[in-house]
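Subject: Structure for your review

Dear colleague,

Please find the structure below, followed by a summary of what was found in it.

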Amino acid sequence: MFDDLRDLYQEVILDHGRRPRHGSRLAAYDASAKGDNPMCGDRVQVFVRHDEGGRIAEAGFEARGCAISVASADLMAETVAGRTDDEVRELAGRFRDMARTGEAAGEDAAIERLRPLAGVHEYPSRVKCATLPWHALLAALDGKGEASSE
Amino acid sequence: MNVTTRPALLDIAAIRDEFPILRQTIRGKQLVYLDSAASAQKPRAVIAAMVQAMESQYANVHRGLHWMSERTTDAYEGTRDAVARLLNARDRREIVFTRNSTEAINLVAHSFGRSVLRPGQAVLISAMEHHSNLVPWQMLRDAHDIELRVAPVTGAGELDMAGLETLLTDGRVGLVAITHMSNVLGTCTPAERIAALAHAHGARVLFDGSQAIVHRRIDVQALDADFYVFTGHKLYGPTGIGVLWARHELLEAMPPFLGGGDMISSVTWERSTWAEVPHKFEAGTPAIIEAIGLSAAIGFVESIGYDAIAAHEARLTDHALARLSAIEGVHVLGRAQDRGGVVSFTLDRAHAHDVATLLDRQGIAVRAGHHCAEPLMRRFGVDSTARASFGVYTTHEEIDALADTLARVREFFA
């Protein structure tokens, strides 16, 4: 019945939406921000810990939201580990373009890992579900406490 | 026409023929529109009345001395008569046009709240209010030193009447403002009892009838209400037109809400005097075409009759509750005895947004989210729900389609 929805709800999304690997508050973190989608009530808080060289050692999150937003937060936490803030900002820009258009620049491992979320571009009301965790992450890196998907 | 004696039977096929949009297909699937509580679809009569007004007689109201303006003024003021009859108001001057229920409540919060209520008094709402009957009172509280009290809701989703009375006993409540039917739980509140309690403790009472007026006959005199608000677009009418009904003496005692044209008697540099009620509350060119559309919507509802509408929707709601409750993992919020055609539910292991997206792919339109009632969501320990809501055009088959599809949604997320 829902065959045409498999582009949106790929197995990797259902899996990470159901069993996120990074879905908890970090014991120690140096940056954090909340993201809020006032339209639907989705909320996420992202936690980041940097290593001494300034790279992200670990990212985690607490979320209340749909399968898309939780899976997106989880894949985000996975892909940003080991990267600098500037690398994360660049990746976030490409992810946002992909969520909106379905197309992503580059074929590096990070964007390929996020590519299952590209299907969201066909569902305009759900694009913000995928991008909300990234808004929160960028707010955390920029030292802002809160981000909105608006 | 005496609508109350009509038999409680609906020719649903004929009614659906009146709604052109219901023939629409969504991605090849027949549209199943179960989001009428957000906004109802429009019958041909409403569409035609608005088009006809624009094509044949349109001009501004209350101004022109020419034929077109006179005809349009007659039609616009005719809606005031239609609304007065619909609500059984004593006097047509008790009908004030607003943009929607939200604006009507803001009008009361501003004009009654800041002038008739005194600092130190309280406004009492309930825990199942739409944000439109909550936020204006928070703004009044913060600007004018008015306390805001919240009457509790029981686990069944009914108003806790003992709790409500307790909050009235110190006599400081000046206004009780409560929904007549919850947009989330479908619960209808006992308006006559609420009004009697409020009056016994010296308070005025406002009912938010945005949902209730779609499903049942409203008699503001029988309810002994002081204010009653509703919006046109949920009653099969256009957007942009809503109604505040208030007792004439209250409107007389209240200062204007917005200033401008059409609401004045005379204007000099030094001062202005206000037009008579209700015009002093209708500043600026009103929603003329929309008011004409509302009149047609009221005619449509009255031609079917509230008895038939209520009976149809009660059968639909019973059917929906039975079908949804039979699906493992589906939980319906609230189980009020007296309820209308709104059913909110959650599905284990699936977020409401995901449920709504899957239903949408089958052409089934429901709402998902907090339904502009975040505090109520917290009361029931959920972040969001999916909501199916019914109109006069909803069929048993559409509810079956919802239930059958939900069973498949459950398997998808299992």
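On a 1 Å grid over the protein atoms alone, a pocket is an open set of points with protein on both sides within 12 Å along at least five of seven lines, a cavity is a set where a 1.4 Å probe fits but cannot get out, and lining residues have an atom within 4 Å of a point. The model is predicted, with pLDDT of at least 70 required for local features and 80 or more for side-chain atom pairs, while totals for chains, interfaces and linings use all residues. Residues are numbered from 1 along each chain as its sequence is written, chains are lettered from A in the order in which they are written, and side-chain values use heavy atoms, without hydrogens and water.

**Pockets**

The largest pocket has 22 lining residues, with A:C40, A:S125, A:R126, B:H353 and B:A368 nearest its centre. Two or more residues each come from α5 (127-141) of chain A and from α13 (352-361), β15 (364-365) and β16 (367-369) of chain B; helices (H or I, at least four residues) and strands (E, at least two) are DSSP runs numbered from the N terminus. The largest share, 4 residues, belongs to α13(B). The volume of this pocket is about 510 Å³, a volume being the space filled by probe spheres set on grid points, which are joined across faces, edges and corners.

The second largest pocket holds about 360 Å³. Its lining comprises 25 residues, and A:G65, B:R349, B:A350, B:H351 and B:A352 are the closest to its centre. Here α1(A) gives the most, with 4 residues.

**Cavity**

The whole structure contains 1 cavity of 30 Å³ or more. The space in the largest cavity is about 40 Å³, and its lining includes B:H215, B:K234 and B:F390.

**Helix packing in chain B**

Helix α3 (residues 67-87) and helix α11 (residues 288-304), both of chain B, pack at about 40° with their axes 9 Å apart; axes are lines fitted to C-alpha atoms over the stretch in contact, and angles run from 0 to 180 degrees between N-to-C directions. α3(B) is therefore oblique to α11(B), as angles under 35 degrees count as roughly parallel, over 145 as roughly antiparallel, 65 to 115 as roughly perpendicular and the rest as oblique.

Yours sincerely
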